[in-house]
Amino acid sequence: MQSNGRNYRMSPLRLLTVVAFLLCLAQNLAAGEKWVVTDSELTVWDSPDYQNRLGMVTRGYEIDAIAIEGDMIRFEYEGKTAYVATYCCKKVADTPAVEALDAQETETAATSAENTSVKAVPAENGVKVEQAGRDAKAGKTDVFDTGKLHSKMGWAAIPLMLFGVVFLVVGLAAVVFTVCYAFCPKALASWFNDRCDADVIPAKRFNKLLLPPVYAAIGMIAASCVMSAVTVAVGSSFIEDAPDNPGGTWILTACLGILANLAVVFSVPFFILRHWYKKYRDLYGKKAARWMTVYSIMGVMAIYLICVVIAYAVFGLVALLLLLLILCVCFPTRYYLVRRW
């Protein structure tokens, strides 16, 4: 050390004294600090080297620190000098230890619940996030009423069940008509003529009575294509202008659009068949017109079912031939010539 032109050297004894003074000062600063155990169970040792165990303390145990030696807290435990690890404890300033831990855990749980509620709300602005946070703090939760859902589903099952019964009856009638149409068309035409009280149903399978339902099917397909294009064009503009959470007006508009689409698609074949019904009524009477319309629709259904059966038969035959071909290639048959001497 240099001062006023003179060199001074600090003796080793004086240096050790200064170091000891600083260590004592650090220990005195740590003395009087309060710590609280945060682990569920913590071992108390007689030295910082983990040699002998003096006992166990549990969460919330208050420690009056004497000094901090490395990562160990020195304190008095049952009249003995003891040590515990600092990373298993928490320093407490003024509040009691247990109250501080409980307050910290309560605050952590509230924060995690608030963050969860905020993440669950798909909001892009601060107002919605704040509202979600306030709802989480107030304890507001949306309860899904399964009883109402089951009640609504029960009422909705009634029309579905009726539709299923009607579909089953029509399907069985179509199968019976198809069998008669395929194997005994003359007897089928005679039966319908008896219902019509006139000879208006031809005995041939393919006749002019098949044209009305064919026209109706073509009109239905065309109307469906047109309405699909209109729905895509109009719906794209609605989706661009739709809010994040659409209100009742927007949902009502979408439902009305779907109903209008269905009404147009099914009204086109209805009016086509009605036109032919009026034509038959003017020519042969109301009763004959009804049975002629039924024969027209059922005839087209029969042709459709016959085509489906033929297609499945062809596909099954092709699949069988391919299977046989694969078996012949993978497992060839060997022929042996037996030579007679």
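Predicted model: local features only at pLDDT ≥ 70, side-chain atom pairs only at ≥ 80, totals over all residues.
A nonpolar core is a set of buried Ala, Val, Leu, Ile, Met, Phe, Trp, Tyr and Cys residues joined through side-chain atoms within 4.5 Å.

The largest nonpolar core has 20 residues. Which of them touch the most other members? They are F177, Y181, I201, M292 and Y295. The largest share, six residues, comes from helix 8.

Now look at F177 on its own. Leaving aside residues up to four places away in sequence, F177 touches L188, F192, Y295, M298, G299 and A302. One of these, Y295, was also on the list of core residues that touch the most other members.

As general background, nonpolar side chains in soluble globular proteins tend to be buried together.

Three strands form an open sheet in the order 6-3-10, and the pairing is antiparallel. Which strands stand at the edges? Strand 6 and strand 10 do; each has a single partner strand, so one side of each is left without a neighbour in the sheet. From one strand to the next, the twist averages 35°.

The pairings can be followed residue by residue. Strand 3, residues 34-37, pairs with strand 6, residues 62-64, over three bridges. Here K34 has D64 in strand 6 as its bridge partner. Strand 3 also pairs with strand 10, residues 89-92, over four bridges. In that pairing, V37 stands opposite C89.

E78 is not a glycine, yet its phi is positive, about 55°. Where does E78 lie? It lies in the loop between strand 8, residues 72-77, and strand 9, residues 80-85. E78 is exposed, with a relative accessible area of 65%.

The other is D197, also a residue other than glycine, with a positive phi near 60°. D197 is found in the loop between helix 5 and helix 6, the latter covering residues 211-241. Buried or exposed? D197 is exposed, with a relative accessible area of 58%.

Terms used. Residues numbered from 1 in each chain as written. Heavy atoms only, no water. Buried < 20%, exposed > 50% of the residue type's maximum accessible area, 1.4 Å probe, protein only. Helix = DSSP H or I, 4+ residues; strand = E, 2+ residues; numbered from the N terminus. Contact = heavy atoms within 4.5 Å. Pairing = 2+ DSSP bridges. Axes fitted to C-alpha atoms, helices over the stretch in contact; angles between N-to-C directions.
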